Every structure is written in C-alpha cells, then in structure tokens.
Amino acid sequence: MYSADPMSDPPLEAFDPSRDRWPVLADGELHLWLLPHRRDRSSVDALRPCIARYLEIDESVVEIIRSATGKPCLDSPSNDLRFSARHSGAALLLGFVRQNEIDVAIERATPRVHALDLAGLEGQVDELVLQ
C-alpha cells in the first residue's frame with residue numbers, strides 16, 4: 001500500500017501502468033486506482049497510460065478532450081470506457097467503468113482544531129456564549 005507525507009511529492013515508481021498484468025474491466029465493474037499525485041504532472045498524464053491499457057491500444061493514439069462541462073473524456077464517443085480523475089494533496093484517484101457515467105471524489109483528511117484550543121481556553125470555559 002502506498003503511503004507518503006501529504007506535503008511531499010511521492011516517487012513516480014509507486015505506479016507502473018506498463019506492467020504486464022492489467023485487469024479486465026467487465027460491464028458492471030468499477031475500477032479505482034489510488035495513485036501518488038505529482039504536482040509536475042496533470043491527471044491526464046496519469047489517465048492516458050491507463051486508458052491505453054484498458055482499450056489495448058498504444059498510448060500515443062489516446063485522444064483526451066474536455067467535455068462542455070470541462071470533464072476529460074475520450075474523443076471517440078462510440079467507445080464505452082468512462083473515467084474520472086480527482087486529486088487532493090499527494091493522492092490522485094482514478095475511476096473507470098464501462099457504459100455508465102462516473103465521477104469520483106477524494107478529500108485529504110486534515111486534523112480538526114477546536115476553537116477553544118486555538119484561543120488557549122481549553123478546560124477554562126464552562127459555557128461559551130456567542131453574540
């Protein structure tokens with residue numbers, strides 16, 4: 001499992017879409033990939049090799065365009081592969097399905113800070129009245 005400091009860029013070697021074994025995406029299945037997000041690469045750079053593997057085509061012929069809403073999609077609407085990508089901090093989530101639409105979401109967990117802790121009043125206030 002991949003784990004990294006959320007403030008640093010993870011190593012590129014954490015994911016290799018060119019590996020020999022690639023899962024078959026059957027109708028009704030959902031494939032999710034949690035990858036390291038590199039600030040120097042776009043999510044399209046991560047999508048392209050995955051799409052090529054799912055479609056069993058060369059990566060150089062994968063044409064990704066933007067829909068009217070700005071979502072990345074394939075230039076060939078007759079293809080049944082659908083995908084979505086979102087990133088947060090050092091994590092990138094890719095989702096793939098066939099025939100159905102997909103939208104993924106990811107949020108970096110951050111510790112919540114109690115307002116009284118910030119004010120240095122933790123344990124000193126029995127009741128707080130806001131006006």
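Which residues touch the most other members of the largest nonpolar core?

1. Basis. This is a predicted model, in which local features need pLDDT of at least 70 and side-chain atom pairs count only at pLDDT 80 or more, while totals for chains, interfaces and linings use all residues. Residues are numbered from 1 along each chain as its sequence is written, and side-chain values use heavy atoms, with hydrogens and water left out.

2. Core. In the largest nonpolar core, which has 20 residues, Leu47, Ile51, Leu94 and Phe96 touch the most other members. Such a core is a set of buried Ala, Val, Leu, Ile, Met, Phe, Trp, Tyr and Cys residues joined through side-chain atoms within 4.5 Å; buried means under 20% relative accessible area, exposed over 50%, and partly exposed in between (1.4 Å probe, protein chains only). Two or more residues come from each of β1 (31-36), α1 (43-55), β4 (81-88) and β5 (91-98), and α1 gives the most, with seven. Helices (H or I, at least four residues) and strands (E, at least two) are DSSP runs, numbered from the N terminus.

3. Asp80 and Arg98. A salt bridge (a side-chain nitrogen of Lys or Arg within 4 Å of a carboxyl oxygen of Asp or Glu) joins Asp80 and Arg98, with the closest N and O atoms 2.9 Å apart. Asp80 lies in the loop between β3 (72-74) and β4 and Arg98 in strand β5, so the pair ties together parts 18 residues apart in sequence. Asp80 is partly exposed at 26% relative accessible area, whereas Arg98 is buried at 14%.

4. Glu101 and Arg82. These side chains meet in a salt bridge of 3.2 Å, N to O. Glu101 is exposed, at 61% relative accessibility, and Arg82 is partly exposed, at 22%.
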